[in-house]
Amino acid sequence: MESYQDGNYGEFGGVYLPEGLASIVADLAAKYSELKADPTFQNQLRTLYREYANRPSLLYDAARLSEEVGGPKIYLKREDLNHTGAHKINNVIGQGLVAKALGKTKLIAETGAGQHGTATATIAAYLGIACEIYMGARDIQAQKPNVYRMKALGAKVVQVTQGQGTLKDAVDAALGKYAQEVDQAYYLLGSAVGPHPYPTMVRDFQKVIGEEIKQQVQEKEGRLPTAVVACVGGGSNALGAFTAFIPDEEVEIVAVEPAGKGKLSGKHGLALGTGVPDVIHGFKTLVLNDEKGEIKESYSAASGLDYPGVSPILSMYKESGRLTLGEVTDREAVDALIRLSRLEGIIPALESAHAIAYLFQNPGKYQAGDLVVVNLSGRGDKDVENVFDNLGVEV
Ligand SMILES: *Cc1c(COP(=O)(O)O)cnc(C)c1O
């Protein structure tokens, strides 16, 4: 189905870069192929997952949530319990080890919600190398605690004011800096996007989530789940949760995208739901487009989901009919954040709350006897202030 060597996923993926950068990612692809087959690298990865990230993460039987939704038994995959509070640590451990194997002395990254920046700053500190994080001005305002966390970890946080001051603009700025410093620097991408080999690498480093789910559901229930549900920004936590289940055709794969202020408002991030094939940030995928065929700004109250493209791997699965798509608005996500907090004593990230909201939005879809696993991609400590002060929660 996918041709790993050239990084093509159906009609998506590939490398669309100027020659200089293209040869750099080609070198990276060759190095990654080597490392992927290297038992020493794989051992280092497994050890850090366990000893540093706190894996395996728990699979939690959410009894009160299940009762409230009515029908299926719902499990939450607790990526929020990982070191740094989200699934992103899995990816930075993997790419940090790749950077080290390449002899790099500095990590450059972009960040939206600040979670990826925090995770990157964390692994840079662990490896004892420099770290520069590019972040949109709007996101810096919305995510102050993560900015202080990155500074505490020794990273330099660079404020990006161009464009809308969001994730897409931060990517542009970070890539510009990287082009100047390719010899010492490693570009650490935060999701399963970008030119080959990034989507493959990030998927490989996150797929431990679904491998654990499969084993844990087998131990607890002795069968496969009915459905696996995850929110989609760039698609890394979703691919992490989904990959192990792709060959199991009886398992429904539900990808929930941010509908922002509503599909009809045009202010959303429904790249899989409404995007068209286009090239963005060096790769081809489904991208939000305006009437003129130009890339359109995305919008979501959840900074981590605010990206106009999506993983080429998910675009391929969408086109092949493997995905069920969900659409959840800001309002529904905020509501789900509060409801899960009060039902289970677990405050989800606003991103993850999109996946929870899908269940409230579709009561009756799953029946008694069904098993649904929701990937709880991260914790919501970073969001509670914004939810109460700006997103209009009335309590
Ligand atoms: C960054 C982030 C996301 C979105 O990124 P993906 O690559 O789509 O997973 C989702 N949830 C949390 C908690 C995040 O920090």
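Which residue just after α13 takes a positive phi? Select Gly 321, which follows α13 directly and has a phi of about 85°; helices such as this one (H or I, at least four residues) and strands (E, at least two) are DSSP runs numbered from the N terminus. The model on screen is predicted, so that local features need pLDDT of at least 70 and side-chain atom pairs count only at pLDDT 80 or more, while totals for chains, interfaces and linings use all residues. Residues are numbered from 1 along each chain as its sequence is written, and side-chain values use heavy atoms, with hydrogens and water left out.

Now colour the chain by domain: domain 1 covers 9–49 + 88–202, and domain 2 covers 56–85 + 207–390, with bounds that come from an automatic or database domain assignment. The C-alpha centres of the two domains lie 22 Å apart, and their contact takes 39 residues from domain 1 and 39 residues from domain 2; contact means heavy atoms within 4.5 Å.

**The cores**

Next, select Ile 93, Val 98, Tyr 186, Tyr 187, Tyr 198, Met 201 and Phe 205, the residues with the most contacts inside the largest nonpolar core, which has 55 residues. Both domain 1 and domain 2 give residues to this core, so it lies between them. Such a core is a set of buried Ala, Val, Leu, Ile, Met, Phe, Trp, Tyr and Cys residues joined through side-chain atoms within 4.5 Å. Apart from it lies another core, of 36 residues, which includes Val 229, Ile 346, Phe 360 and Tyr 366.

Centre the view on Val 98 and, leaving aside neighbours within four places in sequence, display the residues in contact with it: Leu 28, Tyr 32, Leu 35, Phe 41, Tyr 186, Met 201 and Phe 205.

**A pair of packed helices**

Move on to helix α14 (residues 330–344) and helix α15 (residues 350–361), whose axes are 7 Å apart and which pack at an angle of about 85°. The axes are lines fitted to C-alpha atoms, for helices over the stretch in contact, and angles run from 0 to 180 degrees between N-to-C directions. Helices α14 and α15 are therefore roughly perpendicular to each other, on a scale where angles under 35 degrees count as roughly parallel, over 145 as roughly antiparallel, 65 to 115 as roughly perpendicular and the rest as oblique.

To see the contact itself, show Glu 332, Ala 333, Val 334, Ala 336, Leu 337, Arg 339, Leu 340 and Leu 343 on α14, which meet Leu 350, Ala 353, His 354, Ile 356, Ala 357, Phe 360 and Gln 361 on α15. The residues of this contact divide into eleven nonpolar, two polar and two charged.

From Val 334, turn to Phe 388: their C-alpha atoms are separated by 9.5 Å, although the two residues are 54 residues apart along the chain. Phe 388 lies in helix α16, residues 384–389, and counts as partly exposed at 40% relative accessibility.

Select Glu 132 in strand β6, residues 130–136. Is this residue buried or exposed? At 5% relative accessibility, Glu 132 counts as buried, and, not counting residues up to four places away in sequence, Glu 132 touches Lys 106, Leu 107, Ile 108, Ala 109, Lys 156, Val 158 and Lys 177.

Lys 214, found in helix α10 (residues 208–221), counts as partly exposed at 27% relative accessibility. With residues up to four places away in sequence again not counted, Lys 214 touches Leu 224, Ala 244, Phe 245 and Asp 248.

**Backbone stops in the loops**

Phi of Asn 54 is near 80°, a positive value in a residue other than glycine, and Asn 54 is partly exposed, with a relative accessible area of 47%. Pro 56 lies in the loop between α2 (39–51) and β3 (59–61), and a cis peptide bond with omega of about -5° joins Arg 55 to Pro 56.

A cis peptide bond also joins His 196 and Pro 197, with omega of about 15°; Pro 197 is found in the loop between β8 (185–187) and α9 (198–206).

The tour ends at Thr 84, in the loop between β4 (73–78) and α4 (88–101), where phi is near 75° in a residue other than glycine. Thr 84 is buried, with a relative accessible area of 17%.

Note on methods
Buried < 20%, exposed > 50% of the residue type's maximum accessible area, 1.4 Å probe, protein only. Nonpolar A, V, L, I, M, F, W, Y, C, P; charged D, E, K, R; others polar.
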